[in-house]
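Subject: A structure for you to look at

Hi there,

Here is the structure I promised to pass on. Please open it alongside this note, and I will walk you through what I found.

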Amino acid sequence: MKVVACMKEVPDTATVIKIGPNGKDIVREGIEFIVNPYDEYALEEGLMIKEKFGEGEVVVVCLGPARATEAIRKCLAMGADRAIHLCDPAFEGSDTYATSLALAKAIEKEGYDIVLCGKQAVDDDSAQVAASIAEILGIPQVSLVIKLEISPDKKTAIAHRQVEGATEVIECRLPAVFTAQKGLNEARYPSLKGIMGAKKKPVAVL
């Protein structure tokens, strides 16, 4: 089973954010960037799926500047097998659609059984990229997942998500896109062995 986990690097949530002179962006100098917390839940779920079935591959896909390499290496240290880094000045300033299109085309080229994303990025909070990726790929999408069960034959999945006063249970065919909500799991910390091993794992820059 091939799992693709989308990841975005975001400013550390403890960082004091300042608006740039143009009023449209933040001052990025001196800011520490981290893996988007919801994307960590998505990656962890992918790693757990691979461990459950005892086979497969977890590939991280990230669109971001060169500095995103550090966040990508953390994902590899957590246990992802390899990564794809979409890195080009042409991507700078991309809106949600452009970002989704680039990610979807990379995922389509790669091949997949499941695509996992965080429910939203903590910097812009748009929560649109995963749904857009699913639409472009023409596959189902379930958002805000707090529990995910893959059938033994790997053809369907049952996703649980919280709604007001209840839990909604949705069954869908695979491949599909799922977005991770807090409560889905607890993301693991990279081990020393994982950190050292991450340096040798391949990162394809496209």
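Which residues are buried in H2? They are Ala71, Ile72, Cys75, Leu76, Ala77 and Met78. Please keep in mind that this is a predicted model.

Next, have a look at how H2 meets its partner. Helix H2 covers residues 69-78 and helix H1 covers residues 37-53; their axes come within 10 Å and cross at roughly 30 degrees. Angles under 35 degrees count as roughly parallel, so H1 is roughly parallel to H2. The crossing of the two helices is right-handed.

Which residues make the contact? From H1 there are Glu40, Leu43, Glu44 and Leu47, while H2 brings in Lys74, Cys75 and Met78. Sorted by class, the contact of H1 with H2 has four nonpolar residues and three charged ones, with no polar residues.

Is Glu40 buried or exposed? Its relative accessibility is 17%, and buried means under 20%, so Glu40 counts as buried. The side chain of Glu40 also makes a polar contact, at 2.6 Å, with the side chain of Lys74. Leaving aside residues up to four places away in sequence, Glu40 touches Val35, Lys74, Met78 and Ala187.

Happy exploring, and do write back with any questions.

Best wishes

Technical notes. Residues numbered from 1 in each chain as written. Predicted model: local features only at pLDDT ≥ 70, side-chain atom pairs only at ≥ 80, totals over all residues. Heavy atoms only, no water. Axes fitted to C-alpha atoms, helices over the stretch in contact; angles between N-to-C directions. Helix = DSSP H or I, 4+ residues; strand = E, 2+ residues; numbered from the N terminus. Parallel < 35°, antiparallel > 145°, perpendicular 65-115°, else oblique. Left-handed = near helix turned anticlockwise from the far one by under 90°. Contact = heavy atoms within 4.5 Å. Nonpolar A, V, L, I, M, F, W, Y, C, P; charged D, E, K, R; others polar. Buried < 20%, exposed > 50% of the residue type's maximum accessible area, 1.4 Å probe, protein only. Polar contact = N/O pair within 3.5 Å; in protein donor to acceptor, adjacent residues only side chain to side chain.
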